[in-house]
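Student: I would like to learn how to read some features of a protein model. Please go through them in turn.

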Amino acid sequence: MLMRGGTSKGPFFIAQDLPSEEGARNQALLRMMGSPDARQIDGLGGAHPLTSKVAIVSSSERPEVDVDYLFLQVTPETGAISAAQNCGNMLAAVGPFAIERGLVAAATKQTVVRVHMVNSDAYAELVVQTPDGKVTYEGDAKIDGVPGPHAPILQRYYGTAGAQCGALLPTGNAIDMIDDVECTLIDNGMPSVLIRAKDLGLSGYEAPEVLEANEALKIRLEAIRVHAGQMMNLDDVTDKTIPKMCLIAPPINGGIISTRTFIPHRVHLSVGVLGAASSAAGCMLPNSVAAGIAIFEKTNPCQVDVEHPTGMLTVELEWDDGTVVLTALLRTARKIMDGEVFP
């Protein structure tokens, strides 16, 4: 089933419909996606990391969970397949997909789908609109980066703090110095490196294509990223898609902070859900690189509006004992096509 989840898009599979052996599975997925090829002309991929994603869903053996969700990021031009990260945008479509495929029985108004996120061994709940016991994709909810209104899907994340790095602040520091640049290394579901754009001679409001054309910037950011990966307990990240590199600047459209996110080598056209969750958590820390940029009343729970190139994403955070215990936000999804793909 080809679906849009949040601001991402890709095919969704039932696990048992794919080869069980990882190598054979990945080869089949590459053929179906059309990689390695920057255009992905011979497959389903959309020639960009945001549209070259795969979700694999199965019934869960965990009694407290409905489905297991494995996310795979396919790099269009190289054909690399990574399971090192979650994708909160694609997660939005996991609930509708699970109901459509009969893995979860629909209630009469709303259906809560309990998801085990395999990539990080974390837990999420999705509230899906199911009037008359059927999934609807029509509604009045709008998210920036997606045209038109759709049915709302509420996401509630638990256990995201330190999910992949062991702690919200993997080094224990609100600021670490890397290559003479102050960085906040943080993991609230997506290992991220926050850097003030001005510290790299940028405004932080540049268009994604302008940043992608800046080769000197990309080389410097990659050097910082590889160093940060070691400090964040991620080992050698040279061939990994984490951590993400996030340039932050003061808000200009009514939000709390403005972001430009490298994912890690292309620039996100909006913002990743869990990337925004990590940036939002960074804003809550009094001594992070966001201090003096994100100025707002810090309540508990607190809503943080994260600006990105095509709008804004609102993240709600709940804190306890100095760390995040609940992250919630609104997404939408749409079923685009249901059929057969030939590997």
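Tutor: Start with strands: helices (H or I, at least four residues) and strands (E, at least two) are DSSP runs, numbered from the N terminus. Two strands pair if DSSP finds at least two bridges between them. In this structure, the bridge partner of Val115 is Ala124 in S7. This is a predicted model, in which local features need pLDDT of at least 70 and side-chain atom pairs count only at pLDDT 80 or more, while totals for chains, interfaces and linings use all residues. Residues are numbered from 1 along each chain as its sequence is written, and side-chain values use heavy atoms, with hydrogens and water left out.

Student: In which sense do strand S6 and S7 pair, and over how many bridges?

Tutor: Strand S6 (residues 110–117) pairs with S7 in the antiparallel sense, over eight bridges. The two form a hairpin with four residues between them. Asp121, in the turn, has a positive phi of about 55 degrees.

Student: Which residue is the bridge partner of Glu125 in S8?

Tutor: The partner is Arg156. S7 and strand S8 (residues 153–158) run antiparallel and are joined by five bridges.

Student: How many of the eight residues of strand S7 are buried?

Tutor: Buried means under 20% relative accessible area, exposed over 50%, and partly exposed in between (1.4 Å probe, protein chains only). In strand S7 (residues 122–129), seven of the eight residues are buried, so the strand is mostly covered.

Student: How many salt bridges are there?

Tutor: A salt bridge is a side-chain nitrogen of Lys or Arg within 4 Å of a carboxyl oxygen of Asp or Glu. By this rule the count is twelve. One of them joins the side chains of Lys335 and Glu100, at 3.3 Å from N to O. This pair links distant parts of the chain, with Lys335 in strand S17 (residues 333–337) and Glu100 in helix H2 (residues 88–100), 235 residues apart. Lys335 counts as partly exposed because its relative accessibility is 29%, and Glu100 counts as partly exposed at 30%.

Student: How much space lies in the largest pocket?

Tutor: Rolling a probe the size of a water molecule over the atoms shows where empty space is left. On a 1 Å grid over the protein atoms alone, a pocket is an open set of points where a 1.4 Å probe fits, with protein on both sides within 12 Å along at least five of seven lines; lining residues have an atom within 4 Å of a point. Grid points are joined across faces, edges and corners, and a volume is the space filled by probe spheres set on the points. The largest pocket holds about 340 Å³. It has 18 lining residues, and Thr75, Thr78, Thr241, Pro264 and His265 are the closest to its centre.
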